[in-house]
Amino acid sequence: MTRSMDSLVEEYRRRTPKSRAQWERGAPVMPGGVIKGAYWTSPYPHYVDKAKGCYVWDIDGNRYVDFGNHHSAMVLGHSHPDVVAAVRGEIDRGFGLGGPTDLEAEIAEEITGRFPSIDKVRFCNSGTEASLHATRMVRAITGRPKIAKFEGAYHGSHDAVEVSSAGAAGPADSPDPVAAWKGMSRAAEEDAVILPYSDRESVELILRERKDEIAGVFYDAKPGSWEISDDFTRFVRDVTAELGIPMVMDEVVSFRSGPGGAQGLAGIEPDVTIFGKAFGGGFPIGAIGGKDEYMQILDNTGEPTGMGQSGTFSGNSFTLAAGLATIRGLTPEVYAHVDRLRERLHEGLVGVFEEAGQPARVVSAGAGLDFYMTDQPMNSYRSVSTLPDAELADRIGLALFLKGFSMRGGIGATISAPMQDKHIDGFLQAMQELLSESD
Ligand SMILES: Cc1ncc(COP(=O)(O)O)c(C=O)c1O
C-alpha cells in the first residue's frame with residue numbers, strides 16, 4: 001500500500017533540484033542547513049518561493065495546495081488583501097516607531113469583545129513568550145511554585161512547560177515529569193506536575209493532592225487535533241475552579257477552531273488565555289489575556305506589582321495591523337465555510353481509508369484535521385506517541401506532497417478560508433490514488 005519511501009524520495013529529488021542546491025548552500029553556515037529545526041524534512045527541505053491564497057510555490061516552480069498553513073497560522077490564507085493593505089499602510093507610517101500607536105486599543109477591544117473570559121490583554125512576539133509570561137503571572141499571583149500541564153501538550157519552548165511535551169515516563173495514570181531536551185534546568189522537572197489527558201479520575205486525584213503547590217494548570221483543548229472531548233475541557237475548568245487553581249488556556253492553535261476559540265466551543269471561561277500564530281496574520285505575535293484580577297499584576301502604573309512584561313518588538317505596528325485585519329477577517333461566515341470544508345474532508349477521508357481497507361482514525365475540529373494510521377482512539381499522548389505505523393504516515397505525507405497537497409510545516413492539516421470544495425476533493429482523490437499505488 002503506497003509506494004516505497006525510496007521511490008518517493010527519488011521523485012522528490014527529481015522535482016526539486018533548486019531546493020537541494022539551496023539546502024547544500026546553507027549547510028555549511030546553519031546547523032543542519034536549516035534556519036529553524038521545524039523546517040527540516042528528509043532528505044532536504046523544499047524552499048518556498050511565494051504563497052497566495054491557499055497555494056504555495058517552491059523555488060523549482062511546483063505549486064501546492066497549502067494544508068500546512070505555516071504551522072496553522074494562516075487560516076485566512078496567504079496575502080489576504082485586507083492584511084496586505086493593513087501592512088502596506090504601516091510601511092508608509094514608518095517602522096520601529098518606539099512608542100505606542102492607535103492600533104493597540106483597537107485590537108485589544110476586538111479580543112475582549114470575542115472572549116468573555118478576557119477583560120484585558122497584553123501583547124508579545126510568540127506563543128512561547130505568552131506562555132512564559134503566563135507562567136510567571138500565575139506563580140506570582142498564587143505564590144505557589146509548580147506548573148501543572150498535560151502529558152504531550154506543547155505550550156512553547158521555555159523550560160517550565162517543555163516537560164513531558166515530547167516523551168513520556170512513569171505510569172499512564174500518574175505520569176512522571178520528563179524534560180524534553182538536554183540542557184533544561186533540573187528545576188523544570190521538579191516544578192512540573194504532569195496530568196493525563198482524558199482520564200478524569202486521575203486528574204482529579206493528582207490536583208486534589210497537590211493543589212497547594214500548583215500555581216496553574218496549562219491546558220490545550222485540541223493538542224495536534226487529538227480527540228479530547230469538550231466535556232473533558234469543561235471538567236478541567238470545573239475542577240480547577242473548585243480547587244482554586246488558575247486555569248491557563250492555550251489558544252495558540254485552537255483559536256482557529258471558532259470565533260471564541262476552543263473555550264467558546266466548550267462554553268468555559270479560563271482564568272488566563274494565551275494566544276499566538278493566527279492572531280498575527282503571518283507576523284510574529286503572542287498575547288496574554290484574562291480577567292482584571294489576573295491581568296492587574298502587569299499594571300505597574302501605581303504601586304509596583306513585582307512583575308514586569310515587555311519586549312523590544314512586542315506589539316509592533318506591523319504585527320498589530322496584520323493581526324487586527326486577520327481577526328476581523330475571521331468572521332462567523334468564514335468559520336462556517338472552514339468548518340464545512342473540514343467536515344467534507346473528514347467524512348471523505350473516512351470513506352477513502354475504509355475503501356482502501358486501511359485502518360485509520362480521522363480527528364478534526366475547527367480548521368484543523370489530522371489522521372492516524374490506527375483504529376484506536378487518539379485521546380492521550382500515550383495513544384498518539386505509540387502509533388504502530390509512523391513510517392506509513394511519513395510515506396503518505398510525502399506522496400500527498402508529490403501530488404501537490406502540502407501538509408509541511410503543519411500541525412496535521414489546516415483548512416484556510418480561500419479553499420473551495422475542489423481543493424478538498426483534490427486532496428481526497430490524491431489520497432485515494434496514493435493508497436492504491438505501489439512501486
Ligand atoms: C499549542 C501551542 N502553544 C504554544 C506554542 C508556541 O508558539 P510559538 O511557536 O509562537 O512560540 C505552539 C507552537 O506550535 C503551540 O502549538
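## Backbone, helices and ligand shell in a predicted model

His70 lies in helix H3, which covers residues 69–72, helices (H or I, at least four residues) and strands (E, at least two) being DSSP runs numbered from the N terminus. The structure is a predicted model, in which local features need pLDDT of at least 70 and side-chain atom pairs count only at pLDDT 80 or more, while totals for chains, interfaces and linings use all residues. Residues are numbered from 1 along each chain as its sequence is written.

Most residues other than glycine have a negative phi, and most peptide bonds are trans. His70, although not a glycine, has a positive phi of about 45°, and His71, which is also found in helix H3, has a positive phi of about 55° without being a glycine. Burial is judged by counting other C-beta atoms, placed from the backbone, within 10 Å of a residue's own: 20 or more make it buried, 12 or fewer exposed, and numbers in between partly exposed. His70 counts as buried because it has 20 C-beta neighbours inside 10 Å, whereas His71, with 17 such neighbours inside 10 Å, counts as partly exposed. A cis peptide bond, with omega about 0°, joins Ser42 and Pro43, and Pro43 is placed in the loop between helix H2 (17–26) and strand S1 (48–52).

Buried residues in H6 include Gly127, Thr128, Glu129 and Met137, and the helix is followed by Gly143, whose phi is positive, near 70°.

The ligand is surrounded by 13 residues, the closest being Ser126, Gly127, Thr128, Gly156 and Val252, where a residue is near if its C-beta atom, placed from the backbone, lies within 6 Å. H6 gives the most to this shell, with three residues.

Two packed helices are described by the angle between their axes and the distance between the axes. Axes are lines fitted to C-alpha atoms, for helices over the stretch in contact, and angles run from 0 to 180 degrees between N-to-C directions.

| Helix pair | Axis distance | Angle |
|---|---|---|
| H13 (residues 332–356) and H16 (residues 421–436) | within 10 Å | roughly 15° |
| H15 (residues 390–402) and H16 | 10 Å | about 125° |

H13 is therefore roughly parallel to H16, and H15 is oblique to H16, since angles under 35 degrees count as roughly parallel, over 145 as roughly antiparallel, 65 to 115 as roughly perpendicular and the rest as oblique.
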